[in-house]
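Hi,

Here is the structure I promised to pass on. Have a look at it first, and then read my notes below.

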Amino acid sequence: MFKYIHSHFCLYFLWSISLVSNTCSASNTGSVQLDKPDKVQNNQLRLQRVPGLMKMVSERILMIFAGLISMRTAAEWYPKSLKCDVSQANNGTEVSVNCTERDLTEVPLGIPTNTTNLTLTINHIPHIRNDSFHELHNITEIDLRCNCVPIKVGPKDRVCTQSVTIDNGTFWKLKNLRSLYLDGNQLSSIPKGLPPNIVLLSLEVNSIYSILKENLTELTNIQRLYLGQNCYFRNPCNKSYNIEKDAFVQLDKMTLLSLKSNNLSYIPHQLPSSLKELYLYNNNIQTITDEDFQNLTELEILDLSGNCPRCYNAPFPCTPCPNNAPLQIHPDSFKTLNNLKTLRLHSNSLTDIPSKWFQNLTRLILLDLSSNFLAKEITCTSFPSLLPYLEELDLSFNFELQVYPASLNLSRSFDRLKSLRVLRIRGYVFQELKLEDLKPLTELNNLEFIDLGTNFIKIANLSLLKKLKSFRIINLSDNKISMPSEGEYTASHSNRREKQYGSPMSQGAQYHNGEVKDIHYFLYDEYARSCKYKDKELWITSPFNNECSSFGKTLDISRNNIFFLHSRFLDLDELRCLNLSGNAMSQSLNGSEFVKLTNLQYLDFSDNRLDLMFSTAFQELSSLVVLDISRNSHYFVAEGLTHMLNFTKSLAKLRKLIMNDNQISTSTNTEMESFSLEHLEFKGNRLDMLWRDGDTRYVNYFKKLMALKTLDVSHNNLNFIPQGVFEGLPETLTELYITENRLKSFKWEGLKNLKNLKLLDLSMNHLTDLPTCLTNYTKSIQTLVLHKNDIAKLPRDFLKDAFSLKILDLSYNRIQFIQESSFPENVIDHLQTLYLNNNRFVCSCNATWFVRWINRTSVNIPRLATDVTCSSPSAQKGQSVIFLNVQACQHNYLSIILCIFLTSVILSILTLTISSHLFLWDVWYIYHFCLAKLKGYRRLSCNSTVYDAFVVYDTTDPAVHEWVTQELRIQLEEKGDPRMQLCLEERDWVPGCPLIENLSQSIQLSKRTVFILTGHYIKSGSFRTAFYMAHQRLMDERNDVIVLIFLERMPCHSKYLKLRKRLYKKSVLEWPRNPQAQRYFWFSLRSLMSTERQQYNKLFQETL
């Protein structure tokens, strides 16, 4: 099967990739259009019948595509786009798909075809179509509960007003379907077209008010039928619940029928004789006749509770029978029920128990008579003598109003219950527990569990419990026990007992125990808003600490008034577990209080006022393994008191110490000590005060816990942890919990001291940074929890070489990108579980590697398709990252590169064409300028020259004169590098010497002749003379030394100027009008004058 599925998925995968290659380039947006084969075309045609055609089709195409590109190895046979958890059991023969709470609006695509169990509960699927399950041929169970819960039962933030619709025949082709759950969908009738092979059908919490025979004709093989809670106060029907007379008669294979909470006023007629379980509780039945169960000879469980209920203090709307009458049960009603094992008559207002009821119930194992009016009946009843195999009896809350008897008075007939294992008598209400009260129970060798909680007992002689040799658990919680009942005390205080009236239960005291009956009989009230519990007709188990009772004989005297302990109070050497929580004891324990409890292994001392004044506290408990002293903050928050927390050194067998929520901010001793303690819970204290910056007294607080493996310092208000603390932690530590603190940073280097650490939990802090490389600090860690922090970025080598890591939780952070360098595949592919949900991923093409890895990895990533979503861009917001189209990103990159290349080529051609036409010579100049910049320049080496340049200008023009002396001279002689020497007429000419001689010598002794030109000066004779002599040097020495600088706009009609610009354009400069360009002007002039020889354009060298 798996090979078949894998091969088909591989073909789909290759086919999709080829289509992407052919079609992506045709799309500007990178979207993909698939030309599907015949099978997918059939799916497309089927989709066309759905309302909202285009949107539905596009979404499904996207899901199919994402599913196809996300196929993994041969062992992975379902798309990761499936918004459900898939698991296998029994070597792959059972495949479960759990889609609970995934905000689904339709049955998702991609469910494996070999699925056997499908759960779609707590979603919003309004319509189940004929083709919703068409390919699930192996399906055996479908759970569709709570897709439209009735208004008063369901959540108030999303009220469902329209019932789920199911097409006729939707389930008909599912020939292997055996269980169908349709609870909480506001269905008005039993769906039609159910397959005949179905054996379990649940339709609770709907709106089905009428059961007709024709509705059940298809259920020929039904065995378990649940029709309860279709008409009660949370799901009102405002009409009578009707059942056709012979509606169930043809269901001859049915073994369970539940009609609870349906406002029924009678027992349905002609029930099938095959029934083994019948639930009729919380209806309006007032009379049970001798014929109602006459043919139910196979019945094993019968529940008639809540009919004619006892409504006093009931935690739900309650209507008693007229005149508070009890449920009328005919003496012969149970006569034919020879196989009955469980009978529940809870809250039926019964006042007596006729023995005739039990004459034929010899196999009865469980009897519930709680919440009736049987206080007097218990003292004199005889029915126990008829139940030799009864194992569990519940007589709780049968107290008599306005009566507070002195003691519990049990009928002597209770000693006939030789098989009894569990006896519950909560809420009977009496003052003192005496040996005589329990005498009928002392001979019951199988009795293990006695529940006497919530009885307002004031005095109890606990030593009498020794008489109950077989007991394992005795519950005396929620009473008023304060002092022992022994000898003199009893006599001297007997006159203080209250009169036998004025029951505490009549003073409005609410039930405060674990067995409120609304929990028993209204499961949807307590649990079904979340609809997470599928099991039906479950009753609450023992409310006791299972860990405590697992050690052996257990005594629970929690929530009493014990404020002082004395050794005589607890003379029970066989006791293994003792619960003293919630007694407000403020005694300073000194090691003498529990001397007689030499075998005690578990002590719950929580919710008291423990005063640890002595380091010898609890030392007498030499066998103690677990100690819970949580929520004892009374004295720890007081100032100046002694707190000896090193009491643990005397407890040689202590393995687990729980001291949560004590607000411990100081300690007399600076170190705890123990050679045996392995587990320490220190939550809800004030380590921020003990580890204050600068105070090093307590940095080694846990160092001497030599065997410590688990340390929990969560919720300690820590905003930093001193480095010395890590050095002071035991090397044996394997688990460290630092959750719910205020840490903004964490000293990862401290982990170097914890060589054996395997689990580190830093969740629910404010961490923003992670270590650059985790393995630089720890190589042993296997589980790292960073849930609910403020991490936005993962370091480059975060998980490099972290091969020991198996579980990594990064959920609920602010991570936007995950780079390949942060998540090396040779590490993360060995992870067992990776939590990435509820981050802020940016689904751009930068996430290509991350998406590819997610789609091919076999690592378990919970809620991948639903909660590992994009936060941006807006078009992708809320969508799973696995839907990011990686192929489109690849084509997008190619398109961008090609577009940039072609655009560059076109722009280059256009630029060259226009520039050659308009700016040919400017371009030519720029080219040679850049060439000169690359080659550099050298100083002239001629020794015959004196000046770098001779400056020829109009000395009669004041503006020109000022420019030469204030600008040119300063720029070339006083600034820049190299500094130059200019020859100026007014400064350097020899006075009295002829003009021509001065002019000739200046030109000959200068490397360059610079002409400062204006329109007026060009026409003057002095310019012509100087220009001629400079040209003469060119003819004589073949050295062109002329440099032309125009202070005004150059004339465009000069042929000479045009020629010179072509030959040597660098020698023709123009003073820029823009001041910003002046720096470039001086740079060009200096570069020109620093060049040894002027180079003409090679194009004109032949001519020249």
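**A histidine and its partner**

Let's start with His 346, which sits in the loop between β17 (342-344) and β18 (366-368). Keep in mind throughout that this is a predicted model. Is His 346 buried or exposed? Its relative accessibility is 2%, and buried means under 20%, so His 346 counts as buried. Now find Ser 370, which is 24 residues away from His 346 along the chain. The C-alpha atoms of these two are 4.9 Å apart, and their side chains are joined by a polar contact of 2.8 Å.

**A strand on the inside**

Next, go to strand β45 (residues 1042-1046). Five of its five residues are buried, so the rest of the structure largely encloses this strand. Which residues point which way? Ile 1042, Leu 1044 and Phe 1046 point one way from β45, while Val 1043 and Ile 1045 point the other way.

β45 also has strand partners. Strand β44 (residues 1006-1013) runs parallel to β45, and five bridges join the two. Across from Ile 1042 of β45 you will find Thr 1009. Strand β46 (residues 1068-1070) pairs with β45 too, again in the parallel sense, over three bridges. There, Leu 1069 in β46 is the bridge partner of Ile 1045.

Most residues other than glycine have a negative phi, and most peptide bonds are trans.

- The peptide bond from Ser 872 to Pro 873 is cis, with omega near -5 degrees. Pro 873 belongs to the loop between β41 (870-872) and α15 (886-918).
- Ala 584 is not a glycine, yet it has a positive phi of about 55 degrees. You can find Ala 584 in the loop between β27 (577-579) and β28 (602-604), and at 41% relative accessibility it counts as partly exposed.
- Arg 863 isn't a glycine either, and it has a positive phi of about 55 degrees. Arg 863 is in the loop between α13 (848-856) and α14 (864-867), and is partly exposed at 27%.

**Salt bridges**

Arg 863 turns up again here: its side chain meets that of Asp 867 in a salt bridge (2.6 Å, N to O). How many salt bridges are there in the whole structure? A search finds 25.

One of them pairs Asp 246 with Lys 213, with the closest N and O atoms 3.6 Å apart. This pair links distant parts of the chain, 33 residues apart: Asp 246 is in the loop between β11 (242-243) and β12 (256-258), and Lys 213 is in the loop between β9 (210-211) and β10 (224-226). Asp 246 is partly exposed at 23%, and Lys 213 is partly exposed at 30%.

Another joins Lys 376 and Glu 400, where the closest N and O atoms are 3.7 Å apart. Lys 376 lies in the loop between β18 and α4 (377-380), and Glu 400 in the loop between β19 (392-394) and β20 (422-424), so the pair ties together parts that are 24 residues apart in sequence. Lys 376 is exposed at 57%, whereas Glu 400 is partly exposed at 31%.

Also look at Arg 692, Asp 695 and Arg 697, which are linked in a network of salt bridges.

**Where to be careful**

The chain's average pLDDT is 83, and 84% of the residues score at least 70. Over residues 1-75, though, the pLDDT is below 50, and it stays under 50 over residues 485-530 as well. Where pLDDT is low, the predicted coordinates should not be read in detail.

Cheers

Notes:
Residues are numbered from 1 along each chain as its sequence is written. This is a predicted model: local features need pLDDT of at least 70, side-chain atom pairs count only at pLDDT 80 or more; totals for chains, interfaces and linings use all residues. Side-chain values use heavy atoms; hydrogens and water are left out. Helices (H or I, at least four residues) and strands (E, at least two) are DSSP runs, numbered from the N terminus. Buried means under 20% relative accessible area, exposed over 50%, partly exposed in between (1.4 Å probe, protein chains only). A polar contact is a pair of N or O atoms within 3.5 Å; within protein, one must be able to donate a hydrogen and the other to accept it, and residues adjacent in sequence count only if both atoms are side-chain atoms. Two strands pair if DSSP finds at least two bridges between them. pLDDT is the predictor's confidence in each residue, from 0 to 100. Contact means heavy atoms within 4.5 Å. A salt bridge is a side-chain nitrogen of Lys or Arg within 4 Å of a carboxyl oxygen of Asp or Glu.
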